[in-house]
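Good morning, everyone. Please have a look at the chain on the screen before I start.

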Amino acid sequence: MLIRSGIEILSALPKLYWKDDATPGTEWIKFTKKKDPPTKDKSLWISLEEEEDFSPLLALPGHKNLGLGRHWHFFSAIFWGINGIAYYILLLTSNEWTRLVPTSFDIIPQAIQTAFTYATFNFPPPGDPYNSLQELMYFGVVFLLGPFMVMTGAAMSPSISARFPEYPKIFGGRQAARSLHFLGNLAFILFIIIHVSMVIIERFPENMGHIILGFPLNNFVTAIGLFVLYGVVIAIIHIWITKISLKNPRVVQNYLDIVVNNAKYLFFRKMVSKQRFSRSEISPFFRINGYPPDTKEYQDLYKNNFKEWRLKVHGLVEKSLEFSISDLFDLRHKQTQITEHFCIQGWTAIGEWTGVPMQYIIQLCRPLSRAKYVVFYSYQYMDNAQFYEVLDLEIVKHPQTILAYEMNGKKLDLGHGAPLRLRVETQLGYKMVKWIKDIEFVEDYKHIGLGQGGHREDHMYYSPRAGI
Ligand SMILES: Nc1nc2c(c(=O)[nH]1)N[C@H]1C(S)=C(S)[C@@H](COP(=O)(O)O)O[C@H]1N2
Ligand SMILES: [Mo]
């Protein structure tokens, strides 16, 4: 499940980079035939066009459902994470660890010897319980590869790397972490293929017995039976979760979110962004996601340089507010931050943003104690529905949550959200509403849009919380 949902996530940006600018064309490998953005008019091209449609035979659930791919990925990650912790505890509090942890360097020459034995199509004598090569492999998977996948995975979380900006640098940045996470997955696949093959080739009945029953079998038929049963159970689970995901995505989204969305709330809402990149790190090219609003209302505002544009702040507040764009420019509370943007699809870019901290807006409008969420509405429509996103009030209060009107020292341009867009530096990009129209403080969001907590949640099955 981790592998297939991981492939689904890869399909949303089927390209891997080493540098965090993720400049189109600099990928070291890609799984798409689509051309990079047309160099002439980058403004008409958005990163959603980079998504690929992978088959459900490979990806979970397949057919461009990044939202559910992520749900399955994090659900399985939590499941296997708990399983792994239990395994570590049981292993290390008993003497079982001696089966896996080498206690002498002699194991290396022995393992080389064993590798030679296999290479000449012979079997080494059975180990106790493993031969030296096998022991080294298991040790590597359990104590190195597993933790490596958790660590490279965590380096891609916007909340974790916003709170600890030094952390992703261990791997050479978030794009390098993404590439390494992919290579680690290949290592896992290779291990699974070799491992299952060896189980079958070398002493099959004994191995099957040991793995599933805890004692050796000497009966070939029983061993085959167990093997087939095991394979069938796995196949049925996969067919079932793939089918319900494709047929009933909303149900799967909501059930998995009981675990996934609440885990994000638990772990990430208190993480505050500490990002401070330098000017020299600003990316030369910053992808755009979302086509600019095509309504007449917005076009008129745009043509007139947003003179008639007004930002309304309303809902569960003591004092409703209204600002023109020059009102916002004139506020003394002005903040500039250089941060790294992480789109849910997988690309990153570093930019400088200037605007008004939401902390200050909150100070002015004084939300009622009932207010739990803040809704940011856009002038843009997608799939005939107004774009909006809901954020926990707690996260909106973070110091690097700002209403930005400048990017890289210039007035925000059309593509990046003119005249005003949100920056929430601990969240994925889709939470950062562009072309903002108004802001509402609410107690609940079930009555807004399709009730999932945002346009992307409503239409693409993303989670309402976006810390990873
Ligand atoms: N109104 C609106 N805001 C939006 C989007 C959108 O489609 N519509 N896309 C979001 C996504 S998925 C990302 S990654 C960021 C991209 O910001 P950028 O275009 O400035 O790079 O904007 C977010 N804000
Ligand atoms: Mo995004």
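I'll go through the domains, then the interface, then some salt bridges.

This is a predicted model: local features need pLDDT of at least 70, side-chain atom pairs count only at pLDDT 80 or more, and totals for chains, interfaces and linings use all residues. Residues are numbered from 1 along each chain as its sequence is written, chains are lettered from A and ligands numbered from 1 in the order in which they are written, and side-chain values use heavy atoms, with hydrogens and water left out.

Domains first. The assignment gives domain 1 (2–268) and domain 2 (279–460). Those bounds come from an automatic or database domain assignment. The C-alpha centres of the two domains lie 36 Å apart.

How many residues are in contact across the interface? On domain 1 there are 32, and they meet 30 of domain 2. Contact means heavy atoms within 4.5 Å. The buried area is about 2800 Å², and carbon and sulfur atoms give 49% of that. Buried area is the accessible area (1.4 Å probe) that two parts lose on being put together, summed over both.

Now charges. A salt bridge is a side-chain nitrogen of Lys or Arg within 4 Å of a carboxyl oxygen of Asp or Glu. The structure holds 18 of them. Across the domain interface, the rule finds 2. Arg174 pairs with Glu340 in a salt bridge, with the closest N and O atoms 3.7 Å apart.

Next pair: Glu318 and Arg366, a salt bridge at 2.8 Å, N to O. Glu318 is in the loop between β3 (310–315) and β4 (321–324), Arg366 in the loop between α12 and β7 (373–382), and they are 48 residues apart. Helices (H or I, at least four residues) and strands (E, at least two) are DSSP runs, numbered from the N terminus.

Are these two buried or exposed? Buried means under 20% relative accessible area, exposed over 50%, partly exposed in between (1.4 Å probe, protein chains only). Glu318 is at 53%, so Glu318 counts as exposed. Arg366 has 39%, so Arg366 is partly exposed.

Compare another salt bridge, Glu389 with Lys431, at 3.0 Å between the closest N and O atoms. Glu389 sits in strand β8 (residues 385–392), and Lys431 in the loop between β11 (421–424) and β12 (436–442). Both Glu389 and Lys431 are buried.

Last item: Lys15, Glu50 and Arg287 are linked in a network of salt bridges. Thank you.
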